[in-house]
Structures are given as structure tokens and as C-alpha cells.
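Subject: Structure handover

Hello,

The structure is below, followed by notes on what was computed from it. Please read them alongside the coordinates.

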Amino acid sequence: MSTFIEAPQPLDAEYFRTRLLGWFDQYGRTHLPWQQGRSPYRVWVSEIMLQQTQVATVIGYFERFMQRFPDVAALAAAEQDEVLHLWTGLGYYARARNLHRAAKCVVHEHNGAFPVESVAALSALPGIGRSTAGAIIAQATGKRAPILDGNVKRVLTRLHGVEGWPGRPEVERRLWQLAEHYTPQWRCADFTQAMMDMGATLCTRRRPSCLLCPFEADCVAHARGEEQRFPESKPKKEKPVRKTMMLMLRDENGHVLLEQRPSSGLWGGLWGLPQFDDGGALDAWLAREMPGSEVQGRWSSFVHVFTHFRLEITPVQAHLSRQGDQPAASGWRWYDPDQPDSIGLAAPVKALLESLSSFTLL
DNA sequence: GAACCGTGGAT
DNA sequence: TATCCAAGGTT
């Protein structure tokens, strides 16, 4: 079935820009770390970190990242493992892997210069889509480029009363159309920043500050008293439950065996506890790879909720009397719980290892 | 299209 | 406490 989508009537573009920039000059954010010493590199890294991630969370990661990788050459020359280590806790680790790949591409295919001439050229780099490309161009060069992130979607859907979940292609198409309509030739960096600032500080998801909004008199949602209805939320779906065991294999020093995870998929490229989906596989693996190991017991299971599924994790504790340094193969490491930040660990794994340490002290 | 990919904050 | 969701992109 097809749902009728109300065609929004745009405001006069010049009117909109003037009022928005007037608001920005008084209330806009100008002291964010990536707004200082602006460069395509700094803007790029910030935009990737900010994907689906709040500003307050990003700031610390951004500072540490810039300290370690001041320019694209430094990033391109790094090992992926170190890039992922700096990304630990931010989530969506494909962003870090793509960032690293893109840095190498800029250095080796673009002679070290970011292809900021066009959205198409930027979008060809891994991890950069249409909106992020627009944001980088606008913020780093000031040239005209529309963006359509969550903030802009919220502002535009409310202002025009755009019905339907913005993830639907026809709705998204309409929103891009509106973004194109309003985006100016001049002061484009300020304009795009102003749209995001409006969405982040005034036109918030809940309890928007309509009385302070320069478009209070123009907003369709506000006129109807239906601000909270826009944008429409994504249709809900049941989350499947996956069950797994995580092996905590310790040697005589209390060190824990870690395995480097596959380079794609959940926590791709990070270090984690060896996972087994059934007990038979666990027993067979221990007998084959870790002769002399002894299973000591299971901890109580806990559930970790992800965006698309629930993961029921059963920690299994085992002990190994080590002879030599096995396993010596790459992709395996012994982790010292007394050096917790020496390696990139996913949050639930890190929490598990921390609880292991406190358990031992008792 | 729809599934996949994380974490922490807000309510 | 459980749920929603935030400066999205890739497969």
C-alpha cells in the first residue's frame, strides 16, 4: 500500500537563511574542538566520529585521536590495531576501519589532499556517504553543499509537517529536496552548522524550545501542537536472541587468553574472548588446542541488548597450566588484567574482564 | 528495501 | 528498569 505524503510548502529560501544565520550569530556553537584550526582532516575525523554519536561523547575521543594522529599521513602510516584501540568504546567499529582505509587512499591515490571538490569524489572514500560528504565540504571549504543528518531531518519535518518515517526513500527524497532548497551559496559552513545547532539545542527530540525558535511562527508542527509527532519513528521489530559462551581461560599468572575477532561483523578487528555457540565445540576446542586445560565452571548468563538483537552471554571459566608460550600464533594474545587499557576491547568484554579482576581479589 | 553495525545518555 | 535513539553508511 502507498501512503499519501503531504507535499510541504517551503518557505522563501532567503527569508529562511537570514533568520537562521541571525540566530546562529547569537546562539550558534563555535567552540567545538573540530571548529578550531579547521582542516579537511580534522573536519573529516569529527564527522565520522559524530555519526550516530553524541557530541559530548565524541570530544574526548577526538582530542586523543588528534594527539596521536595529527594529520592524514600519520593515520595512514598507523597499524589498524592502534586505530581500533583509540576507537574502543565509541562503537560502530567499521567507522574506524573505513577511516583508516580512507586515510591510506587519500595519501596514496590523492597525493595527500582530500578530494573536497565534489560530493561524488568524497563519497567514493569508504565511510563517507552523501550527508557526511556535504558536511565535510561545507565545514572545511565553505562551499555550497547540503547535508541531511538527524538534526536537519528533525528541523525540516517539523517545519513542514512532513509525514512518514524519514528512512522511507520517498520521505528522504523530499527532505533532500528541502535541504537543497534552503542551502545558500554563501556562509555555507555557518548555515549547515546552524541547522545542526538548531536541532541539537532548540528543536530537540523531546520538549523542544519553540519559544526561542526563530521559526516559531512558520512551523507547521508547532501550529498544530504536534512537535513531538515529528519526525515519525521507525517501525519496531522484535529482536532475536542469540546465545553464546565466552571463554575466560586463565594461566597461572592470572592472564586471560584473547582472540582477535574477524575483521568484519560485530566488534570486527577488536580483541575479545573466544566465543563458542555450543558446549560441544568448546570441549572439542579445549581438548585440541589447550591440552592440560581444565574447565572450572560457568558464570551466570547476562543479556546484552544491541540495535538488532539480544546477545545472551554465558561466561565459562577455565584454567591452563602453561608450558611455554602457546598459543604462539598471531591473532592470539595473553591479556594482563592489571593493564586494562593496553588493548582494544569491546565494552561488554571489558566489563566481564573487570568483574573477573574484582572477583579474584576476594 | 532491509539487515547489520555499539555505546552511553535521557526518560 | 526497559526503551529509545543520537552529526549514518555499508552490505
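Strands (E, at least two residues) and helices (H or I, at least four residues) are DSSP runs numbered from the N terminus.

The model is predicted: local features need pLDDT of at least 70 and side-chain atom pairs count only at pLDDT 80 or more, while totals for chains, interfaces and linings use all residues. Residues are numbered from 1 along each chain as its sequence is written, chains are lettered from A and ligands numbered from 1 in the order in which they are written, and side-chain values use heavy atoms, with hydrogens and water left out.

DNA strand B

There are 22 residues around DNA strand B, and Tyr92, Tyr93, Trp267, Thr307 and His308 come nearest. A residue is near a strand if one of its heavy atoms lies within 4 Å of it. By class, this surface has 11 nonpolar, 8 polar and 3 charged residues. The classes are nonpolar (Ala, Val, Leu, Ile, Met, Phe, Trp, Tyr, Cys and Pro), charged (Asp, Glu, Lys and Arg) and polar (the others, Gly among them). Of the atoms of DNA strand B within 4 Å of the protein, 62% belong to sugar or phosphate and the rest to bases.

- Thr307, through a polar side-chain atom, at 2.9 Å
- Gln52, through a backbone N or O atom, at 3.2 Å
- Thr53, through a side-chain N or O atom, at 3.3 Å

DNA strand C

DNA strand C is surrounded by 25 residues, the closest being Leu50, Gln52, Thr132, Asp149 and Asn151. Sugar and phosphate make up 65% of the atoms of DNA strand C that come within 4 Å of the protein. The surface near DNA strand C divides into 8 nonpolar, 9 polar and 8 charged residues.

A side-chain N or O atom of Trp34 is 3.2 Å from a base nitrogen of DNA strand C. Phosphate oxygens of DNA strand C lie 3.1 Å from a polar backbone atom of Gly150 and 3.2 Å from a side-chain N or O atom of Arg310.

Cavities

How many cavities of 30 Å³ or more does the count give? It comes to 2. A cavity is a set of points, on a 1 Å grid over the protein atoms alone, where a 1.4 Å probe fits but cannot get out; lining residues have an atom within 4 Å of a point. Grid points are joined across faces, edges and corners, and a volume is the space filled by probe spheres set on the points.

The largest cavity holds about 150 Å³. It is lined by 15 residues, with Met198, Cys203, Cys210, Cys213 and Cys219 nearest its centre. Helix 9 (150-160) and helix 11 (188-202) each give two or more residues to this lining, and helix 9 has the largest share, 3 residues. The lining comprises 10 nonpolar, 2 polar and 3 charged residues.

The second largest cavity has a volume of about 60 Å³. Its lining has 8 nonpolar, 2 polar and no charged residues, including Ile147, Tyr182 and Phe191. Helix 9, helix 10 (169-182) and helix 11 each supply at least two residues there.

Regards

Definitions and conventions:
1 Å grid on protein atoms, 1.4 Å probe; cavity = no way out; pocket = protein on both sides within 12 Å on 5 of 7 lines; lining within 4 Å. Polar contact = N/O pair within 3.5 Å; in protein donor to acceptor, adjacent residues only side chain to side chain.
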